[in-house]
Amino acid sequence: MQQTQSAPLATRLAHIEPFHVMALLTRARALEAAGRSVVHMEIGEPDFPTAEPVVAAGIEALRSGHTQYTPAAGLPELREAIAGHYRTRYGVAVPADRIIVTPGASGALLLGIALLVDPGAEALLPDPGYPCNRHFVAALNGVPRLLPVGPDSGYQITPQRLAAEWTPETALAMVGSPSNPTGTLAREGDVRALAAGAGARGGALLVDEIYHGLEYGTRAMTAAGMGDNVFVVNSFSKYFGMTGWRLGWLVVPPGYESDAEKLAQNLFIAAATISQHAALACFTDAAEAIFEERRRAFEARLEFLANALVELGFEIPGRPQGAFYLYSDCSRLTGDSFAFAERLLEEAGVAATPGLDFGDHRAAEHIRFAYTNSLENLREGVERMRSFLASR
Ligand SMILES: Cc1ncc(COP(=O)(O)O)c(C=O)c1O
């Protein structure tokens, strides 16, 4: 028999990095398997299980035989329910036919970027920012251009910055609000100006609102409806607590509906049917009460952990107002946050995500703590860090 040779890997793979925190997570699991206790502050998903009314709706969907494909853009009732959500939460009219239901925000980001970025075209992204964005752009043969941002602009790209950095090759600017990893919000006026700035240059703005609902002391305004070049990503993963159900959506501006649907058909066929039926229950009073209770729990954790980290010597300059992350400047404690994260895990039994996962800009001086863990466990984590820092 003839021997087969391995096929060469596509060159785009050279531009895709793994999540560095995965190596830490694997090590954390190994330590736990060996009997060590680890306080997890690296995990980017709610620690709560999916709310009971949503689980019940999922089970009911299975029992009723809802196990075949839905239309590519999603169940009509769910698209209507999401449109209703924009009306009641933000007072914004978003017609259901502009809402494309996708496999998570991940599917919505891929779809949005595929709609807008040609091979060789640039996308402007904040650094630090959600790591997959630059990889989605690279996977589609676009060019991610990372713009260093800091606390002075709430870790967001400002309209002035957009104007200065936009080139003839630029097709898209991306915003995350609240941001992962910083938890900071983009100001409403800035988002409008970013949309206008991109629009004036013939480009688009894509706003990732996946952490909407998880806001503390403020209310984020949606960018949906802020312009005919504005695309909005959202998800059932975070506020609605459905990470494993893989369900999100993309809001497209008028005129893009059929192209978005055509691409969604080809990329995904449809999002998971059972998940879509389950998600209908997210918009009930019973589920909403649970989500709000959880939001308040996150807020209490934020309050505790932000103060405790500052007391330990971290700095958290851009006051986070959403999501469940504290992107902490650790430059007073270390110049190498990756090595620091490794030592925290090995010596203190605390897992956190080094800045390296979110870009290049001052990455070695930052570490992200997620408060996706109980207050009790966060307290334990803080005490472990206190002893570790005192003993160095
Ligand atoms: C900013 C941001 N966008 C998108 C995603 C993808 O979420 P999902 O595909 O679970 O909806 C995440 C996940 O952590 C995220 O942090």
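The C-alpha centres of domain 1 and domain 2 sit 25 Å apart. The domain assignment, which is automatic or comes from a database, gives domain 1 as 12–49 + 286–391 and domain 2 as 52–285. Before going further, note that this is a predicted model: local features need pLDDT of at least 70, side-chain atom pairs count only at pLDDT 80 or more, and totals for chains, interfaces and linings use all residues. Residues are numbered from 1 along each chain as its sequence is written.

Back to where the domains meet. The contact takes 35 residues from domain 1 and 40 residues from domain 2, with two residues in contact if their C-beta atoms, placed from the backbone, lie within 7 Å. On the domain 1 side, α10 (285–312) and β9 (325–329) each supply at least two residues, and the largest share, 10 residues, comes from α10. Helices (H or I, at least four residues) and strands (E, at least two) are DSSP runs, numbered from the N terminus. That side of domain 1 divides into 18 nonpolar, eight polar and nine charged residues. Here Ala, Val, Leu, Ile, Met, Phe, Trp, Tyr, Cys and Pro count as nonpolar, Asp, Glu, Lys and Arg as charged, and the others, Gly among them, as polar.

Now for the ligand. Of the 13 residues around the ligand, Gly104, Ala105, Ser106, Ser235 and Ser237 come nearest; a residue is near if its C-beta atom, placed from the backbone, lies within 6 Å. Helix α4 (residues 104–116) gives the largest share of this shell, three residues. By type, the shell divides into three nonpolar, nine polar and one charged.

Next, have a look at helix α7. This helix (residues 188–200) has 13 residues and reaches 18 Å from its first C-alpha to its last, close to the 18 Å expected at 1.5 Å a residue, where the expected span is 1.5 Å times one less than the number of residues. Asp190, Val191, Leu194, Ala195, Gly197 and Ala198 are buried in α7 (20 or more other C-beta atoms within 10 Å of their own; exposed means 12 or fewer, with C-beta atoms placed from the backbone). Seen down the axis of α7, the buried residues fall within an arc of 165°, so they line one face of the helix. They pack against α6 (159–165), β5 (170–176), β6 (204–208) and β7 (230–235). On the other side of α7, Gly189 and Ala200 are exposed. Just after α7, Gly202 takes a positive phi of about 75°.

Methods
The arc is that of the directions from the helix axis to the C-beta atoms.
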